[in-house]
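Open the structure and look for its aromatic rings.

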Amino acid sequence: SSRLIHTRGFRTMRIPFGLVALAALLFSSVSLAQDDPELLRPYHWVRGFAGHREYKYYKFDLSSSHERDINIIIDSSGDSDPDLYVNIGPESPMNLPTRENYRWHSAHFHDDAVTIPADDITPADTWAYIGVYGWSQYGTNFTIHATRLSTLTLRPGVPIRRRVSQYTMRHFSFNATDLAGVHFGIRELSGQSELFISNTQTEPEFNKPETYQWRLFRDTERTILASDFGPESMFTLGIYGWESSSNRFSITATPLGESHTQLNNGVAIRRSLEAHQMAFSF
């Protein structure tokens, strides 16, 4: 199909519809490019404003975010109601998110947050593009920041599946306050990985034995009783990847019961266990 274009003083021109659509697409791309996103620096809060039904764009550098989740938080107050939309990819205005084109979004009233899992970030994804959409009639005031999460907190008894690149380490934390002990376990799903455990908030490092107290090779488990805890009840774990291919693993921190059962010679004892729980007898 085609369109007739009428111009004063010139003959009527017939232009193919495909060229009209292409011109519209190019104009749209230019319009997006002119709205240059503001750069967000890690851990810095930035004040922003988005007009009614308009976007305010930001970008966050992913090139130094290896093996770390990215957390994006937006705060607002009063009648302001911003929504959060996020894409990742190479530097391009076509990656600017909209309400119809995004990978992650949060659309709650007032405050919103999005976490980009490290497993979803590839070497080609050099930027996170963040769009704040303003719903409020008189515009939306907000503050926004983006952070690289150094550790992921383990939930009691809940396995977490992740991957780690070769010769790099991913970190996790677990709070063992008021527990009789903790049972840590790692299961390899592919590749080869290794678990380092520190009974402090210091992140374990592969070549620094002073940064960890326990080291587990491959599909192994380790139970640490409260009597073996140091002055802190916080554990920091590091998973180290060995293979050049994907090192995928599952890690679990399972709390022990508040007490142990004493066994008497020749006397059978019946007990029950909940899912992901362990019992120890002596």
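**Aromatic rings and their neighbours**

One aromatic cluster is formed by F174, F184, W214, F229 and F235. The model is predicted: local features need pLDDT of at least 70, side-chain atom pairs count only at pLDDT 80 or more, and totals for chains, interfaces and linings use all residues. Residues are numbered from 1 along each chain as its sequence is written, and side-chain values use heavy atoms, with hydrogens and water left out.

A search of the whole structure finds 15 aromatic pairs. Rings of Phe, Tyr and Trp (its six-membered ring) pair if their centres lie within 6.5 Å; planes under 30 degrees apart are stacked, over 60 edge-to-face, and the rest tilted.

Take F206 and Y240. Their ring centres are 4.2 Å apart and their planes lie at 10 degrees, so this pair is stacked. The pair links distant parts of the chain, 34 residues apart. F206 sits in the loop between β16 (193–198) and β17 (214–217), Y240 in strand β19 (residues 234–241). Strands are DSSP runs (E, at least two residues), numbered from the N terminus.

F206 is partly exposed, at 28% relative accessible area. Y240 is buried, at 9%. Buried means under 20% relative accessible area, exposed over 50%, partly exposed in between (1.4 Å probe, protein chains only).

Now turn to F229 and F235. This pair is edge-to-face, with 5.1 Å between centres and 75 degrees between planes. F229 is buried at 16%, and F235 is buried at 0%.

K59 lies over the face of W127, 4.6 Å from the ring centre. K56 lies over the face of Y58, at 5.5 Å. The criterion: NZ of Lys or CZ of Arg within 6 Å of the ring centre and within 35 degrees of the ring normal.

Key
Helix = DSSP H or I, 4+ residues; strand = E, 2+ residues; numbered from the N terminus.
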